[in-house]
Amino acid sequence: MKLKNFLLLSLVIVFVPALLNAQYLESKSTLSPLLTKTSPIVPKSNISLGIGIGPTFYRSNTGVDVSFFTEVAMESFSIVPQANYWKVDNVNNFEIAGDLALHFAIAGLSPYGEAGLGVNYYDDKDKDETFTALGLNLGCGLEFKELIKGATIFVDGKYRLIIRNSGNKEHAVVTGGIKLPL
């Protein structure tokens with residue numbers, strides 16, 4: 001599958017839940033005038049859009065990782081469809097993934113652990129190696145909910161494994177970023 005198709009699919013995976021939630025909230029905001037005057041009930045969004053950036057560690061070299069994601073929060077866990085891209089020297093990888101994150105509440109902080117699966121488009125120009133393969137993501141992080149009003153700052157670390165019969169490709173990522181609720 002070509003990189004252009006992966007990019008298009010990632011946009012659909014990441015932004016469709018956000019658009020559906022925005023339409024749902026808009027339909028809920030048309031409360032009767034009597035209700036809106038007496039009780040200003042506004043539905044709260046449980047969906048956030050986010051971006052993260054940080055270093056990637058692969059084959060004793062360091063590169064850059066960029067992530068775009070939508071987080072659909074439930075009570076103590078969330079579903080996180082995402083598009084990730086990393087590049088180290090002449091090796092790059094584009095991944096469409098879905099993670100489940102389990103959050104623990106502490107005043108102003110939210111540590112979490114996460115795990116998920118992804119589809120990777122791997123390209124190594126030095127070894128003339130290009131393939132698409134399933135991947136596994138494992139990680140943990142920390143969210144800071146009160147640093148910026150209306151946003152959440154996060155820092156996380158992930159171990160990512162691209163699974164292949166001819167030899168797995170593994171790398172680590174440290175990411176920092178911001179999430180904005182819809």
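Me: Why does E114 count as buried?
Reply: Buried means under 20% relative accessible area, exposed over 50%, and partly exposed in between, with a 1.4 Å probe and protein chains only. E114 has 9% relative accessibility, so E114 counts as buried. This is a predicted model, in which local features need pLDDT of at least 70, side-chain atom pairs count only at pLDDT 80 or more, and totals for chains, interfaces and linings use all residues. Residues are numbered from 1 along each chain as its sequence is written, and side-chain values use heavy atoms, with hydrogens and water left out.

Me: What makes K158 and E114 a salt bridge?
Reply: The term requires a side-chain nitrogen of Lys or Arg within 4 Å of a carboxyl oxygen of Asp or Glu. The closest N and O atoms of K158 and E114 are 3.4 Å apart, so the pair qualifies. Strands (E, at least two residues) and helices (H or I, at least four) are DSSP runs, numbered from the N terminus.

Me: How far apart are the closest N and O atoms of D99 and K158?
Reply: They are 3.6 Å apart, and the pair forms a salt bridge. D99 is in strand 4 and K158 in strand 7, 59 residues apart. D99 is buried, because its relative accessible area is 2%. K158 counts as buried too, at 10%. A search of the whole structure finds 11 salt bridges.

Me: Which residues are linked with K179 in a network of salt bridges?
Reply: E71, E143 and K145 are linked with K179 in that network. One of its pairs is E143 with K145, at 3.2 Å from N to O. E143 has 2% relative accessibility and therefore counts as buried, whereas K145, at 41%, counts as partly exposed.

Me: How do you know that K179 makes a polar contact with the side chain of E143?
Reply: A polar contact is a pair of N or O atoms within 3.5 Å; within protein, one must be able to donate a hydrogen and the other to accept it, and residues adjacent in sequence count only if both atoms are side-chain atoms. The side chains of K179 and E143 meet this at 2.4 Å. Another polar contact, of 2.3 Å, joins the side chains of K179 and E71. K179 sits in strand 8, residues 169-181, and at 6% relative accessibility it counts as buried.

Me: Why is N137 called buried?
Reply: Its relative accessible area is 2%, so N137 is buried. N137 is found in strand 6. Its side chain makes a polar contact of 3.3 Å with the side chain of E95. Setting aside residues up to four places away in sequence, N137 touches residues including E114, D99 and R160; contact means heavy atoms within 4.5 Å.

Me: Which residues make up the largest nonpolar core?
Reply: The 8 residues are Y58, W86, V88, V91, Y122, F131, A133 and I162. Such a core is a set of buried Ala, Val, Leu, Ile, Met, Phe, Trp, Tyr and Cys residues joined through side-chain atoms within 4.5 Å. Strand 3 (77-88) and strand 6 (129-144) are the elements that give two or more residues to this core. Apart from it lies another core, of 5 residues, among them F69, V80, A101 and F154.

Me: Which residues make the nonpolar surface patch of about 540 Å²?
Reply: M74, F77, I79, L100, L102 and F104 make it. Patches are made of residues with over 30% relative accessible area and no salt bridge, like charges being joined within 9 Å and nonpolar side chains (Val, Leu, Ile, Met, Phe, Trp, Tyr) within 5 Å. Areas come from the Shrake-Rupley method with a 1.4 Å probe; for residues, only the protein chains shown count as cover. F104 has 46% relative accessible area and is therefore partly exposed.

Me: What is the phi of D128?
Reply: It is near 50°, a positive value in a residue other than glycine. Most residues other than glycine have a negative phi. D128 lies in the loop between strand 5 and strand 6 and is exposed, because its relative accessible area is 73%. R59 has a positive phi of about 50° and is not a glycine either.
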